[in-house]
Amino acid sequence: MKRLINRHPGRVGGVALAMLPFVLALVAYTIASSQRLAENPNDPVLPSLITLTESFLRLATEQSRRTGEVLLWLDTGASLTRLGLGVALAAATGLLVGVLNGSLPYARRTFAPFVTAVAMIPPLAVLPILFIAFGVGELAKVMLIVFGIAPFIMRDLQQRVEELPREQLIKAQTLGASTWQIVLRVVLPQTLPRLIDATRLSLGAAWLFLIASEAIAATEGLGYRIFLVRRYLDMETILPYVAWITLLAFLIDLTLRGVNRWLFPWYAGRSARS
């Protein structure tokens with residue numbers, strides 16, 4: 001008898017299993033919403049799925065009476081701009097520091113303990129400091145994302161560099177490669193795909209820091225809108241925004257995964273085997 005650990009679902013079965021938790025969540029929400037609305041048709045906590053759909057379409061199409069702009073797209077553009085800048089700066093910084101710490105013993109001895117110490121600091125604890133240092137504008141929000149995820153990327157890439165086969169470095173030196181040639185031609189090409197993976201893994205934290213910063217000091221953004229309407233218990237706005245953020249995060253993750261497979265097919269194949 002084939003053990004359960006060796007059984008794999010087929011293509012159709014795999015899709016069905018992947019959809020099962022989402023279907024169960026929707027069923028559970030529908031049941032809970034129906035029960036609350038049966039007791040109180042004006043209950044604002046769990047609107048029906050039809051109401052949420054209508055609310056999302058309204059947010060995505062109707063212009064604001066105050067500003068004349070469509071709020072969903074205004075907030076989405078502001079948040080994605082901040083997120084993109086923060087993640088890009090964190091990835092670039094993480095690549096530089098991670099490769100140097102992993103490749104050069106002197107750099108590792110000097111900066112690795114500091115990076116480890118910074119990684120232990122709760123990023124939200126330094127949010128007031130960032131607002132004091134950079135003001136309440138866009139820079140503080142971007143810097144919170146950088147501060148929150150860059151240390152993770154640095155440490156992840158450093159570990160990746162240290163795991164490279166020693167034989168590769170020895171062969172490169174035997175062929176006369178200098179330190180920087182080894183870094184650029186041996187280490188860096190094998191680190192870039194891991195950089196994309198590390199960025200993907202840090203996106204959840206990046207969204208958290210973005211929403212937190214927008215909730216405190218912003219005039220537009222997905223996090224700003226959620227915390228603005230929470231005082232009115234406006235779940236017809238909050239839930240569609242949460243679902244929209246989830247969809248955006250999923251699409252960004254899917255895009256980065258596709259880019260990694262397209263640019264580095266050898267890495268994707270090796271990851272699948274491992």
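Predicted model: local features only at pLDDT ≥ 70, side-chain atom pairs only at ≥ 80, totals over all residues.

Student: Why is Thr 191 called buried?
Tutor: Its relative accessibility is 0%, and buried means under 20%, so Thr 191 counts as buried. Thr 191 lies in helix α8, residues 179–216. Beyond neighbours within four places in sequence, Thr 191 is in contact with Leu 95, Val 99, Leu 157 and Val 161.

Student: What makes the aromatic pair of Phe 56 and Trp 244 tilted?
Tutor: The angle between the planes is 50°. Under 30 degrees would be stacked and over 60 edge-to-face, so this pair is tilted. The pair joins helix α2 to helix α10, with Phe 56 and Trp 244 188 residues apart.

Student: Are Phe 56 and Trp 244 buried or partly exposed?
Tutor: Trp 244, at 14%, is buried, because the cut-off is under 20%. Phe 56 has 27%; that value falls between 20% and 50%, so Phe 56 is partly exposed.

Student: Why is the pair of Phe 264 and Trp 266 called edge-to-face?
Tutor: The planes are 80° apart, and over 60 counts as edge-to-face, so the name applies. The centres are 6.3 Å apart, and the limit for a pair is within 6.5 Å.

Student: Which residues touch the most other members of the largest nonpolar core?
Tutor: Among them are Leu 83, Val 87 and Trp 207, in a core of 49 residues. Helix α8 gives the most to this core, with twelve residues.

Methods
Residues numbered from 1 in each chain as written. Heavy atoms only, no water. Helix = DSSP H or I, 4+ residues; strand = E, 2+ residues; numbered from the N terminus. Buried < 20%, exposed > 50% of the residue type's maximum accessible area, 1.4 Å probe, protein only. Contact = heavy atoms within 4.5 Å. Core = buried A, V, L, I, M, F, W, Y, C linked by side-chain atoms within 4.5 Å. Phe/Tyr/Trp six-rings, centres within 6.5 Å; stacked < 30°, edge-to-face > 60°.
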